[in-house]
Each structure stands twice: as structure tokens, then as C-alpha cells.
Amino acid sequence: MARVGLFFGTTTGKSRKVAKMIKKKFDDEVMAKPVNVNRVEAEEFLSYDFLIIGSPTMGEGELPGLSSDCEEESWEEFLPKLEDADMTGKTVAIYGLGDQVGYPDEFVDAIKELYDFVTERGAKVVGAWPVDGYEFEHSEAVVDGKFLGLALDLDNQSAQTEARLDAWLSIIAPAFDLPL
């Protein structure tokens with residue numbers, strides 16, 4: 001079994017695309033194949049000590065799910081399955097997708113939603129990311145001047161995605177023992 005679980009929620013396929021970009025950089029021993037959270041059981045998710053999780057931000061800063069007009073279930077429906085989970089000893093890195101032009105007041109808020117959920121259950125989160133190079137008004141995901149995870153804007157800054165991803169993976173590499 002791979003050491004790192006890679007899970008995403010998606011509505012348009014962009015979070016899946018980023019997960020595939022991450023997976024492509026590692027072999028099957030290191031990184032599991034990316035899995036949509038609407039296709040996984042809690043036990044499989046929790047079987048990893050190292051998790052990379054990703055999500056878009058919907059509407060007014062929500063996680064994707066049926067109540068945010070998604071066509072399929074996503075994080076909103078999956079997280080309750082983990083409500084009583086003990087994530088102590090797990091290391092988590094989070095990436096989030098947003099549109100800083102169209103939604104400048106909720107940019108990548110989903111990162112904070114996922115961060116709060118996993119840390120409340122004892123997980124350690126790594127991979128804080130600088131706010132430099134972005135133009136947004138507000139983000140719940142910014143704490144102490146940094147995003148709580150990797151912020152990506154495939155709508156307005158897609159040309160920067162690969163470089164940001166590589167830089168972020170080098171930040172989380174020591175905690176995940178990733179071969180870069």
C-alpha cells in the first residue's frame with residue numbers, strides 16, 4: 001500500500017486535475033492514486049498516516065456538496081462519516097482551488113473548512129503557503145499572513161499552477177518523507 005493517500009472533492013474536475021498532477025510526480029509505493037471523496041469509505045481514508053486533500057470553494061465559501069448545487073456528493077457528505085474519527089498522528093496537507101477575481105471575498109475558504117475539521121480531530125497540518133502573488137479581498141484560509149494550504153486559481157492564474165505545486169510539494173516533502 002502507498003504511504004500517502006490523495007483525496008479530492010470536485011465539481012468541474014479541476015481539483016481532480018491537480019490531484020493527478022501531484023500523483024504523476026510519485027510512484028505507487030509513495031502515493032496512492034487520487035480518489036474522489038464521493039467514492040471512498042471512511043476506513044480507507046483513515047488507513048493513511050499521510051494525507052493530501054483538495055477541494056474547490058463553492059459559492060459563499062462552502063465545501064462542495066449537494067447543498068451548494070453540486071450534481072454529486074462531495075466533502076459536505078463525506079466529512080460526517082469522519083465525525084468521530086481520531087486523526088491523532090496523521091499528517092495532512094491541503095490544497096484549495098478558488099477564483100480570486102470572481103469570488104474575491106471567499107477565495108479558497110474551503111481550505112479553512114478542511115483544516116478546522118482535521119485539526120479538531122487531532123491531525124497535524126503542514127504546507128502553509130504565502131499570500132504573495134494573489135489579488136483577493138478576503139480569505140478565511142489566511143492565518144498569520146499565510147494560507148493554511150496551497151491556494152490555486154486555475155481560472156485566472158493557471159500558468160502558475162505547476163510552479164506553485166512543485167514549490168508546495170518541496171515544503172511538505174520533509175513531513176511526508178517525499179522523494180523530490
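A nonpolar core is a set of buried Ala, Val, Leu, Ile, Met, Phe, Trp, Tyr and Cys residues joined through side-chain atoms within 4.5 Å. The views below are taken from a predicted model.

**View 1. The largest nonpolar core has 60 residues.** Ile22, Ile52 and Trp168 have the most contacts inside this core. Helix α5 gives the most to the core, with six residues. In soluble globular proteins, nonpolar side chains tend to be buried together.

**View 2. Isoleucine 52 and the residues it touches.** Leaving aside residues up to four places away in sequence, isoleucine 52 touches Val4, Gly5, Leu6, Phe7, Ile22, Met31, Ala93, Tyr95, Trp168, Ile172 and Phe176. Two of these, Ile22 and Trp168, are listed with Ile52 as the residues with the most contacts inside the core.

**View 3. Arginine 164, a buried residue with no salt bridge.** Arginine 164 lies in helix α5, which covers residues 161-176. The nearest side chain of opposite charge belongs to aspartate 153 and is 6.9 Å away. A salt bridge needs a side-chain nitrogen of Lys or Arg within 4 Å of a carboxyl oxygen of Asp or Glu. Not counting residues up to four places away in sequence, arginine 164 touches Trp129, Gly133, Tyr134, Leu150, Ala151, Leu152 and Gln157.

**View 4. The salt bridge between lysine 90 and aspartate 49.** A search of the whole structure finds eight salt bridges, and in this one N and O are 3.7 Å apart. Lysine 90 lies in the loop between α3 and β4, and aspartate 49 in the loop between α2 and β3, so the pair ties together parts that are 41 residues apart in sequence. Lysine 90 is buried, at 8% relative accessibility, whereas aspartate 49 is partly exposed, at 44%.

**View 5. The salt bridge between glutamate 83 and arginine 121.** The distance from N to O is 2.8 Å. Glutamate 83 is in the loop between α3 and β4 and arginine 121 in the loop between α4 and β5, so this pair joins parts 38 residues apart in sequence. Glutamate 83 is partly exposed, with a relative accessibility of 43%; arginine 121 is buried, with 10%.

**View 6. A network of salt bridges links Lys25, Glu162 and Asp166.**

Methods. Residues are numbered from 1 along each chain as its sequence is written. This is a predicted model: local features need pLDDT of at least 70, side-chain atom pairs count only at pLDDT 80 or more; totals for chains, interfaces and linings use all residues. Side-chain values use heavy atoms; hydrogens and water are left out. Helices (H or I, at least four residues) and strands (E, at least two) are DSSP runs, numbered from the N terminus. Buried means under 20% relative accessible area, exposed over 50%, partly exposed in between (1.4 Å probe, protein chains only). Lys and Arg count as positive and Asp and Glu as negative; His and the chain ends are not counted. Contact means heavy atoms within 4.5 Å.
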